[in-house]
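These entries record what I looked up, in the order in which I looked.

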Amino acid sequence: MDAQRQRFETSVMPHVGAAYNLARWIVRDANDAQDVLQESLLRALRFFGGFRGQDARPWLLAIVRNASEGLQICQLGIDLRAGDEVLTTDQDYPRMLNTW
C-alpha cells in the first residue's frame with residue numbers, strides 16, 4: 001500500500017459513518033445516501049493529494065454536502081448549464097416548493 005492511500009485510509013475512512021449520516025439527513029433516503037457516500041468517497045480519493053488539513057472530517061463532510069446538493073438538483077431536473085439562470089417549467093415550480 002502506498003503512503004498516500006494509507007494516509008487516506010487513516011484520515012478519511014474513520015469518518016464514513018458521519019458522512020453517511022449527513023447524506024441520509026440531507027437526501028432523506030437510504031439508497032440515495034449510499035449513492036452520495038460512494039460518490040463522495042470517490043471525489044475524496046481523487047482529490048486527496050490536494051488535502052492539506054489536519055482533520056479530514058470537515059473536508060469529507062463538505063464533499064458529502066456538495067454531492068447531496070448535486071443529487072437533489074439532478075432529481076429536480078434543473079438545467080444549470082445555461083448560466084446563472086435556473087431554467088424550469090411552470091409545472092416544476094410547485095414541486096420545487098414542496099422540496100424546500
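**Entry 1. Salt bridges**

I began with Glu39 and Arg43, which are 4 residues apart in helix α3 and therefore separated by about one helical turn. The model is a predicted one, and in it these two residues form a salt bridge whose closest N and O atoms are 3.0 Å apart. I then looked up the accessibility of both partners. Glu39 counts as partly exposed because its relative accessibility is 31%. Arg43, at 28%, also counts as partly exposed.

How many salt bridges does a search of the whole structure find? The search returns 2. Glu9 forms a salt bridge with Arg5, and here the closest N and O atoms are 3.6 Å apart. Both residues belong to helix α1 (residues 3-11), where a spacing of 4 residues amounts to about one turn of the helix. I noted Glu9 as partly exposed, with a relative accessible area of 36%, and Arg5 as partly exposed at 47%. As background, I recorded that side chains of opposite charge can pair when their charged atoms come close.

**Entry 2. Helix α2**

I next checked the length of helix α2, which covers residues 16-27.

Which residues of α2 are buried? I listed Val16, Ala19, Ala23, Ile26 and Val27. Viewed down the axis of α2, the buried residues fall within an arc of 95°, so they line one face of the helix. On the other side of α2, I found Asn21 and Trp25 exposed.

**Entry 3. Arg28**

Arg28 follows α2 and lies in the loop between α2 and α3 (30-47). I noted its phi as near 60°, a positive value in a residue other than glycine. I kept this entry because most residues other than glycine have a negative phi. Is Arg28 buried or exposed? With a relative accessible area of 57%, Arg28 passes the 50% cut-off and is therefore exposed.

**Entry 4. Aromatic pairs**

I counted 4 aromatic pairs in the structure. One of them joins Phe48 and Phe51, which are stacked, with 5.8 Å centre to centre and 20° between the planes. Phe51 also pairs with Trp59; this pair is tilted, with 4.9 Å centre to centre and 35° between the planes. Phe48 is buried, its relative accessible area being 0%. I recorded Phe8, Phe48, Phe51 and Trp59 as one aromatic cluster.

**Entry 5. Confidence**

Finally, I looked up the pLDDT values. The protein chain averages 80, and 70% of the residues score at least 70. Where in the protein chain is confidence lowest, and where highest? The lowest mean, 48, belongs to helix α5 (residues 92-99), and the highest, 94, to α2. Over residues 84-100 the pLDDT is below 50, and this stretch has 13 contacts in the model beyond near neighbours in sequence.

Definitions and conventions: Residues numbered from 1 in each chain as written. Heavy atoms only, no water. Helix = DSSP H or I, 4+ residues; strand = E, 2+ residues; numbered from the N terminus. Expected span 1.5 Å × (residues − 1). Buried < 20%, exposed > 50% of the residue type's maximum accessible area, 1.4 Å probe, protein only. Arc of directions from axis to C-beta. Salt bridge = Lys/Arg side-chain N within 4 Å of Asp/Glu carboxyl O. pLDDT = per-residue confidence, 0-100. Contact = heavy atoms within 4.5 Å. Phe/Tyr/Trp six-rings, centres within 6.5 Å; stacked < 30°, edge-to-face > 60°.
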